[in-house]
Structures are given as C-alpha cells and as structure tokens.
Amino acid sequence: MCSSDLGNVSQKVMHKHEKESKKVGKQSFMYAWVLDETDEERERGITMDVGQNKFETDKKLITLLDAPGHRDFIPNMISGAYQADVAVMVVNATTGEFEAGFEAGGQTREHALLVRSLGVSQLVVAVNKLDTVDWAKDRFDTIAAKLRLFLTKQAGFREADLTFLPCSGLTGENLTCAPTAAALAAWYSGPSLVAAIDSLRPPDRAMERPFRLSIADIYKGQAAGFSVAGRIESGFLTMGDKVLVS
C-alpha cells in the first residue's frame, strides 16, 4: 500500500476543500477540513468536536476518531479517547512548537496521561512537520527521547508499546509508504504511519461477559425515538436484541 492517499477522500472533495480554504486564506488547512466539518472549526482553525472516519490497511479496518487537541475542548477529547483501543499522538516538530506543547502547561503531557488513564496501552507517536526542520535526525531524536522518558516513567506506557516515527502531513511523507525525501531516507528505515497502525495488536474482547455499552452520544431523530452511540465494553449485540438502559 503505497499511494498519496488511501482513496477514502475523493479528489473532488479535496479540490473543493482546497478552493474554499484558499478563499479564506487558510490553504494549508485543506486536509484538516476533511474531519473539521463545522463552520466554527474551520473559522477558528482548530478541532472542536470528535471527527470520525474509516480506512483500511492491509490487515485491519480502522475506525478513526479525531479528538481535539486544544485545552478548551478537553471534555470532547476525553469522549473520543475513551472509545479508542489504541492511539496516535501527533506532535509538532517545528522549532518552539514541540516545546510549547510539552513543557509545563502544554497539552501533549495532559493528553498522554488522559489516554493512558482511559485504558489505552499502545501509542504511536507521529513526529509531524519534520520537513520544517529539514528532516533533521537530531531534532527527531531529541523529541523522541523526551517523550519516551515521560511516557514510560510518568504516563505508565511500556517501552515495547511505543512507536516513534517521523512524517509530514502536508507533504504526505512517510504516511502510507517508505520515505522518498532523500534527507529523511538517509537515516530513517522504520515503518510508515499506516504500517505502524497496521502492526498494533487488537485488544482482547470480553465477548463471553454480559453486554455493556458506555454511551458517548444520544441523537434525537426527526421522527419518534432516538439513537445512541458509544463503545461496547463487553459482550455483543445482534439485531433484534432487547437491552436495559440504566
């Protein structure tokens, strides 16, 4: 699997996002708009609610939950993270940006602690925007070393459950296939982001236990009744089952 995208977003949709984002002077946000769908999110340039999409790897069908990173929307971040089996934490490699997120008061630490406390044990750390520092190996190593120490010593992750990789969301480098940028390929030979996700272990499912569903959202329909969305913690559900909501 080695292409500029996985085919989940059509060229027509991307062209529309590119045209509209350019019109408001935010052309680099065209990719973010795939999951940031509300007018307020696009106007402010930040994720506010949990976006959802799906994609397939060679081995798995992945449900992607895009949780907000901004401190104002921590409750929304929690509602997305508690539904996750595994996590990808995207950090900004740009000079000064990683430090702002990681040092005291930054959201990188808080998000790592939250996802671990919510039961996520496997974490892929995508060191994004490494193209802004010319794919410098020492910058990647510095970020990885600081995060590895924090994640294992303070957040409670096991070293074996952590994967660090360099990438660029804007250029597409090392997202779905091996690096093509000579400056990156010269020192990195690890997995792409999709390959790293593909290698994560599915969690054990407690199929034999009673059915339990943690409700994340309730949607009222236009007609009578409503729909609920959430995470199945144990057991299973089939069409026609009657369940008790408490």
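**The whole chain.** Begin with everything displayed, bearing in mind that this is a predicted model. The secondary structure comprises 8 helices and 7 strands. Of the 246 residues in the chain, 36% are buried. The accessible surface of the chain is about 14900 Å², and carbon and sulfur atoms account for 53% of that surface. Among contacts between residues at least 6 apart in sequence, 59% join residues at least 24 apart.

**Helix 5.** Next, select residues 107–117, which form helix 5. Which residues of helix 5 are buried? They are Gln107, Thr108, His111, Ala112, Leu114 and Val115. Because these residues cover an arc of only 165 degrees around the axis, they lie on the same side of helix 5. An α-helix has 3.6 residues a turn, so residues three or four places apart point the same way.

**The cover over helix 5.**

**After helix 5.** Now select Gly119, which follows helix 5. The phi of Gly119 is positive, near 100 degrees.

Finally, select Cys167 and Cys177. Are these residues buried or exposed? Cys167 is buried, with a relative accessible area of 3%. Cys177 also counts as buried, at 19% relative accessibility, because the cut-off for buried is under 20%. A search for disulfides across the structure returns 0.

Methods. Residues are numbered from 1 along each chain as its sequence is written. This is a predicted model: local features need pLDDT of at least 70, side-chain atom pairs count only at pLDDT 80 or more; totals for chains, interfaces and linings use all residues. Side-chain values use heavy atoms; hydrogens and water are left out. A disulfide is a pair of cysteine sulfur atoms within 2.5 Å. Buried means under 20% relative accessible area, exposed over 50%, partly exposed in between (1.4 Å probe, protein chains only). Helices (H or I, at least four residues) and strands (E, at least two) are DSSP runs, numbered from the N terminus. The arc is that of the directions from the helix axis to the C-beta atoms. Contact means heavy atoms within 4.5 Å. Accessible areas come from the Shrake-Rupley method with a 1.4 Å probe; for residues, only the protein chains shown count as cover.
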